[in-house]
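Me: I would like to go through some of the labels attached to this structure and ask what stands behind each of them.

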Amino acid sequence: MSRVRTAVAKGLRAVLGLMLLLLGIAGIFALPASFASYPVVPSKEGAPRWVRGAYHVHTTRSDGRGTPGEVARAAREAGLDFVVLTDHNDFKPPAPAWVDGVLLVPGVEISTSSGHLAAFGMERPLEGVRQWMPPGDAVKAVAAAGGTAVLAHPVQQRNPWKDEASAREAPGFELYSADTFFRQAVSNPVSRLLPAVGAYLGNPGHGVMLLATPTPEPGARFLELSRERPRIAFCAHDAHGLPSYEAVFESMAMYLLPEQVPSPLPKDASQAAALVTRALGSGRALCAFRALGEPAGFALEGMDPERREARVGDVLEVRLPGNPEEGTVRVEVWGDGRLRPDGRSVELTGEGVVQVEVWARAPGRFFGTEWRPWIVPSPVRVLPRGPGI
């Protein structure tokens, strides 16, 4: 009996020692996190305010930690105007409503047999939807209801989208997913998870931003699908309350252009929700990792803004917002385009699609810096040269 007690005591000491070691390692990152300074790019004086909000948020109606009211309060504290709620298989969500000055917009995340499909903006009830339904039927049901279907975390190892035919039909794609960032960190506990947890203890916003380390797979898949038809890029909070709603809301947001959606939003909740969902589904909204700076004033010029199309040989000009210092931002280009030596214009080199993003030099895990995505618009379709060109 004494041997058993001795073995148990040794096991407990080993577990306690490991926990203390991990806490000690995490604590190494807490001190530098307290010195991390945001935003990286300060806003210009008098810059117009764009309507901003959170997309893909879970509450206690499914597996989230906060009630809709608590989510609204967190969004208000983070300075957001709207939240698109997408509780799992919540096929009869509440109507749009103003709660604590924040517009709660109904949506749903449908669990299909081949992955998860986020949907919002339905003008009519969803017909024939159920858990684990065929993915193609889910995409068609959302379209029939007048909504926008979005492939949720489509290349995530745990819950990817596995059906090719329906992937080519859904207009939306979660290019950057906070939930995917977190799961990637869990699979790299020493290099990514512990630094983020430690930083979160000293500076929650910085801890969340350390998770935002993109990998090539989502972008490659996104460009592949975008070559066939216009696609909409989304940055998904996929917020469940851990990390806190407020910390995630302060880190990123979807922004709506002022020519599409006025600020402030209309007082009528249904009217305001219709404006928000139309703008999100138009492809003209953009994502910004707002901890790095506000995107108001950003523009991608030289294309048809409504159709997001240009032609081979055209040049897109990137207009940056705020007052970025030299060496703090850079333009990234993927697909059928190349960045010119000026670092701000993109020549379209071939028929297909081009993705143009702005990245910023952000605080790193210790006292250094790391490049992270800042402003993420939807891609531009590149058409053949016109006659006589």
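Reply: Helices (H or I, at least four residues) and strands (E, at least two) are DSSP runs, numbered from the N terminus. With that in hand, T86 is placed in the loop between β2 (82-85) and β3 (97-99). This is a predicted model, in which local features need pLDDT of at least 70 and side-chain atom pairs count only at pLDDT 80 or more, while totals for chains, interfaces and linings use all residues. Residues are numbered from 1 along each chain as its sequence is written, and side-chain values use heavy atoms, with hydrogens and water left out.

Me: Why is T86 called buried?

Reply: Buried means under 20% relative accessible area, exposed over 50% and partly exposed in between (1.4 Å probe, protein chains only). T86 has 0% relative accessibility, so T86 counts as buried.

Me: What does T86 contact, leaving aside its neighbours within four places in sequence?

Reply: Taking contact as heavy atoms within 4.5 Å, T86 is in contact with H56, V57, H58, G107, V108, E109 and A119, once neighbours within four places in sequence are left aside.

Me: Why is the pair of F120 and F234 called edge-to-face?

Reply: Rings of Phe, Tyr and Trp (its six-membered ring) pair if their centres lie within 6.5 Å, and planes under 30 degrees apart count as stacked, over 60 as edge-to-face and the rest as tilted. The ring centres of F120 and F234 are 5.9 Å apart and their planes stand at 70°, so the pair is edge-to-face. This pair links distant parts of the chain, with F120 in strand β5 (residues 115-120) and F234 in strand β8 (residues 232-236), 114 residues apart. F120 is buried, at a relative accessible area of 0%, and F234 is buried, also at 0%.

Me: How do you know that the charged end of R330 sits over the ring of W371?

Reply: A charge sits over a ring if NZ of Lys or CZ of Arg is within 6 Å of the ring centre and within 35 degrees of the ring normal. The charged end of R330 is 4.4 Å from the centre of the W371 ring and is assigned as sitting over it.

Me: Is F35 buried or exposed, and where is F35 found?

Reply: F35 has a relative accessible area of 59%, so F35 is exposed. F35 is found in the loop between α1 (2-33) and β1 (51-57).
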